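Have the sequence and the 3D view ready as you read.

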Amino acid sequence: MVVFDKPKALTDIPFHYCPGCTHGIVHRLVAEVIDELNIEGDTIGIAPVGCSVFAYNYFGCDCIEAPHGRAPALATGVKRALPDKYVFTYQGDGDLAAIGTCETVHSSARGENITIIFINNCVYGMTGGQMAPTTLLGQVTTTSPYGRKKEIQGSPIRVCEMLSTLDGVAYAERVAVDCVKNVRAAKKAIKKAFTLQGEKKGLTIVEVLSTCPTNWGLSPEASLEWLRENSMKQYPLGVYKDVTAE
């Protein structure tokens, strides 16, 4: 009896992510959901620029590469052309909440029937560890060497809280993948987001608190602890909007 196996919706190509990065965990969860819903042949992923730029190598479904920040716009076009397909974007915080803020907010406001998987590790990962819109106050990055200051760079943006105020958003939940319990909760959230998309409820987003050991300058183990002690305090886990519960 097989107890644990690689999801069929993942290819055999090894991940390129740094040791301790939790992108791989989230990839697996998305693939498991695709398998369980039996929608691989009806799913289209949108991979933008950032650490997840090569996501199209890892998912077995059809994938399209988007310019930096433009994944929701591209997903909108794909979904409107193919309304019966499942369309998801896989985006980091710099991609989604900085250069892609316009696309994210207006896709949400319009209620585009897509799913966004949003990876929040409080920093630009691929391009050198610069400050992101989600960088915490006091957090040191390559472009905030003295720590982020509220009076200069403003406060971090809470994406789920912001988007949950928009009528077009059907579901917004923030999860983490730092322990078994939270990984299971994250998968449940991702599955619900895809399910609600299938029911044509509107835009769904799952924000995943993630680690970046390389740019945080910490070991994988210490990064998980830093996430619990810092990221989770700024970004509390939970469901911020669920139209099925209203």
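Does Asp 12 count as buried or exposed? With a relative accessibility of 68%, Asp 12 counts as exposed. Keep in mind that this is a predicted model.

- Asp 12 is joined by a salt bridge to Lys 6, with 3.5 Å between the closest N and O atoms.
- Lys 6 counts as partly exposed, because its relative accessibility is 36%.

**A buried pair between two strands**
- Arg 174 and Glu 207 meet through their side chains in a salt bridge, at 3.1 Å from N to O.
- Arg 174 belongs to strand E5 (residues 169–176) and Glu 207 to strand E6 (residues 203–209), so this pair ties together parts that are 33 residues apart in sequence.
- Arg 174 has a relative accessibility of 1%, so Arg 174 counts as buried.
- Glu 207 also counts as buried, because its relative accessibility is 1%.

**A pair within one helix**
- Glu 229 and Lys 233 form a salt bridge whose closest N and O atoms are 3.8 Å apart.
- Both residues lie in helix H9 (residues 220–234), and because they are 4 residues apart, about one helical turn separates them.
- Glu 229 is partly exposed at 39% relative accessibility, whereas Lys 233 is exposed, with a relative accessible area of 61%.

Conventions:
Residues numbered from 1 in each chain as written. Predicted model: local features only at pLDDT ≥ 70, side-chain atom pairs only at ≥ 80, totals over all residues. Heavy atoms only, no water. Salt bridge = Lys/Arg side-chain N within 4 Å of Asp/Glu carboxyl O. Buried < 20%, exposed > 50% of the residue type's maximum accessible area, 1.4 Å probe, protein only.
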